[in-house]
Amino acid sequence: MWPPTLTLELLLLGSLCFGAHVERMSYRPQNCTLECIRRGVPECEYCRITADDVQFSLSIPSNSPYGSCVPWPCHTFLGQETPEVCQHYVNAPRNINIEFEESEDPTNDAITVSWNPSQYGIAFLRGFQVTLQALGGSQVICQLFLLRNNLSLTPAHAQMVFHSDLFTHLSLDTEYVVTVLALPVPERWDQFYEKKKFFTRTCSEKNGLEECKKDWYPRYIEVHQENRDVLVTFNLAPENFEIRHYFSSCFGGGLRNYTNIKPDFSVNKTHHTYRLQNLQAGTNYTCEIAADVVDAVRKTFFVVQNNSEVLTFTVVYKKRMKKKTAKTKLRPDIIEQYYDKKLDEGQCVLLDKNTRPPHLLICYSNNDGPFHVRVVLQLAAFLQKHMAAQVHLDLWESLSIMEEGMLAWHCRRMKECDFVLVICSRGLLQNQKNQCEDEEPVENTALATIAMIGEEMYHAKSLGQDLSKYMTAVFEYSQESDIPAVLGLASRYTLTKDLPLLFSHLHGVALQKPGVNLLVENISESGYSKLPAGAALQLAIQEATAFISDQQTEGEHVGIPIIS
């Protein structure tokens with residue numbers, strides 16, 4: 001006689017083996033109502049639930065703070081008639097896959113998400129919620145799917161593949177995070193959802209390189225020698241791009257030289273040959289060529305000298321692409337650093353893409369209004385995209401905050417992160433003064449967080465520990481006097497003027513050495529706005545400056561004292 005445990009294991013194994021070929025099915029959402037799901041109608045097996053369904057059936061207002069993106073408690077949907085189904089845990093889905101779909105819109109991407117349910121707790125599974133959010137964005141797109149009420153699932157059904165509806169109008173070449181939650185959502189459980197990060201396709205990946213002016217680069221390059229001159233031939237951009245100028249730069253022997261290229265289209269409309277000038281004998285060069293437009297993709301080739309007197313050249317083709325990976329939040333090629341001409345090329349400092357990026361927690365106060373919050377949001381996106389930092393911001397982790405609570409989340413992140421950056425503003429200082437004057441504070445979380453940071457700093461100071469973990473920053477519409485006294489020991493920066501200093505702080509790279517200056521491309525005060533993320537940050541700062549200035553003017557007109 002087999003023991004009961006062995007019998008149960010054999011039965012489970014049998015259900016998995018013999019049922020897998022039957023249950024390995026693909027389920028796509030159906031149109032049905034909550035009432036149909038509750039009655040267990042067979043046609044309502046896997047149903048999409050719209051915002052209108054939720055509002056009509058549950059009397060939940062569509063203008064609720066989080067829309068339909070909050071995991072609604074189980075009893076809201078299914079527990080009114082059978083409350084026992086909401087008393088069990090369901091583990092997180094697994095094997096999340098992103099499937100790119102064809103769309104006629106050349107400027108946006110479209111995807112569907114697929115996944116498998118977990119076999120643990122599957123008997124109590126009642127549906128899924130899928131959320132999609134752009135990294136650095138505040139908008140969350142949600143889809144809700146429910147299974148019919150009387151559907152009976154076994155561990156063999158864990159082989160089923162469920163699909164979401166189509167997510168459309170996704171910006172190209174943008175990082176998103178998709179989260180799939182298993183329903184019902186328990187009150188205390190941390191394994192009911194699974195996340196996956198991905199990048200949407202670039203314009204060239206979706207439409208082809210010849211259709212994308214922003215992503216275009218010369219594919220064909222031929223380098224040949226004519227006596228002691230070096231000639232380079234490359235293919236020109238399609239005529240409809242209206243690109244009339246190109247440039248080339250070569251670095252070698254501690255020097256960099258530029259060549260402006262203006263093809264004669266009356267001679268050849270598809271290719272052009274230009275001459276590399278001012279190359280020194282006995283020097284190896286790394287050269288780039290690109291269209292003379294903003295953010296053009298560059299193609300790199302190497303000019304290599306042999307030991308003989310006659311120069312020979314070989315070419316290596318490289319495209320500067322944005323690597324896409326779901327395992328890291330860092331874009332590996334976002335930063336290139338060049339020392340000035342006093343250094344050889346071999347002495348350039350490059351960030352290793354395999355190095356763990358520094359984790360940075362950003363704290364701020366929202367008392368200065370939505371324009372200030374938008375500045376913080378754009379700063380976080382810029383730091384993550386172009387300054388090789390892994391940023392943690394409450395606006396990006398709303399699900400974790402709902403689980404832990406705001407203070408608990410800040411406390412945990414403060415311990416886990418390598419650096420903490422406090423964005424100081426007039427609203428933060430005003431909040432602290434309100435508390436000192438026993439007035440009702442507008443926001444308690446920011447004050448509590450600042451207090452925790454101050455306590456950690458003074459504790460580290462008393463133990464003789466390094467305080468470089470803690471930093472404060474103000475934007476141009478704020479002043480250094482807005483920095484709370486409790487943060488007086490922290491490093492101070494004024495943004496965006498001190499972006500290079502902030503970069504140096506995060507990565508421990510000296511900006512200056514004897515006779516040497518380190519220049520970080522596109523992170524200077526004048527250069528950061530050339531990047532799309534930098535331009536968005538600059539615009540947000542301008543709007544916040546105008547908004548706060550208007551507030552000050554209105555306050556002066558009505559006789560309200562302005563804090564400075």
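The legends below describe a predicted model in an overview and several close-up views.

**Notes for all views.** Numbering starts at 1 along each chain as its sequence is written, and side-chain values use heavy atoms, with hydrogens and water left out. Because this is a predicted model, local features need pLDDT of at least 70 and side-chain atom pairs count only at pLDDT 80 or more, while totals for chains, interfaces and linings use all residues.

**Figure 1. Overview of the protein, with twelve helices and 27 strands.** Helices (H or I, at least four residues) and strands (E, at least two) are DSSP runs, numbered from the N terminus. The protein has 564 residues, of which 48% count as buried. Buried means under 20% relative accessible area, exposed means over 50%, and partly exposed is in between (1.4 Å probe, protein chains only). Among contacts with a separation of 6 or more, 64% are between residues 24 or more positions apart; a contact means heavy atoms within 4.5 Å.

**Figure 2. The disulfide of Cys 32 and Cys 47.** A disulfide is a pair of cysteine sulfur atoms within 2.5 Å, and a search of the whole structure finds four. In this one the sulfur atoms of Cys 32 and Cys 47 are 1.8 Å apart. The link is left-handed, with -130 degrees about the S-S bond. It links distant parts of the chain, 15 residues apart: Cys 32 is in the loop between strand E2 (30-31) and helix H2 (34-39), and Cys 47 is in strand E3 (residues 46-49). Cys 32 counts as buried because its relative accessibility is 11%. Cys 47, at 0% relative accessibility, counts as buried too.

**Figure 3. The disulfide of Cys 36 and Cys 44.** The S to S distance between Cys 36 and Cys 44 is 1.5 Å. The link of Cys 36 and Cys 44 is right-handed, with 85 degrees about the S-S bond. Both Cys 36 and Cys 44 are buried.

**Figure 4. The disulfide of Cys 250 and Cys 287, with two further cysteines.** Cys 250 and Cys 287 are joined with an S to S distance of 2.0 Å, and the link is right-handed, with 110 degrees about the S-S bond. Cys 250 lies in strand E14 (residues 246-252) and Cys 287 in strand E17 (residues 285-291), so the pair ties together parts that are 37 residues apart in sequence. Both Cys 250 and Cys 287 are buried. Cys 363, in contrast, is in no disulfide; the nearest cysteine sulfur, that of Cys 417, is 8.8 Å away. Cys 363 counts as buried, at 3% relative accessibility. Cys 411 is partly exposed, with a relative accessible area of 28%.

**Figure 5. An open sheet of six strands with mixed pairing.** The strand order is E2-E3-E7-E6-E10-E11. E2 and strand E11 (193-199) are the edge strands, and each pairs on one side only. Two strands pair if DSSP finds at least two bridges between them. Strands of a sheet pair through backbone hydrogen bonds, either parallel or antiparallel. E3 pairs with strand E7 (residues 140-147) in the antiparallel sense, over four bridges. Leu 146 in E7 is the bridge partner of Cys 47.

**Figure 6. Helix H8 (residues 406-416) and its buried residues.** Trp 409, His 410, Arg 413 and Met 414 are buried in H8. These residues cover an arc of only 130 degrees around the axis, which puts them on the same side of H8. The arc is that of the directions from the helix axis to the C-beta atoms. The buried residues of H8 pack against strand E21 (359-363), strand E22 (390-392), helix H7 (398-404), strand E23 (419-423) and H10.

**Figure 7. Helix H10 (residues 445-462).** At 1.5 Å a residue, the 18 residues of H10 should span 26 Å, and the end C-alpha atoms are 26 Å apart, which agrees. The expected span is 1.5 Å times one less than the number of residues. The buried residues of H10 are Ala 446, Leu 447, Thr 449, Ile 450, Ile 453, Gly 454, Met 457 and Ala 460. They cover an arc of only 165 degrees around the axis, which puts them on the same side of H10. Glu 455 and Ser 462 are exposed, on the face turned away from the buried side of H10. Gly 464 follows H10, with a positive phi near 75 degrees.
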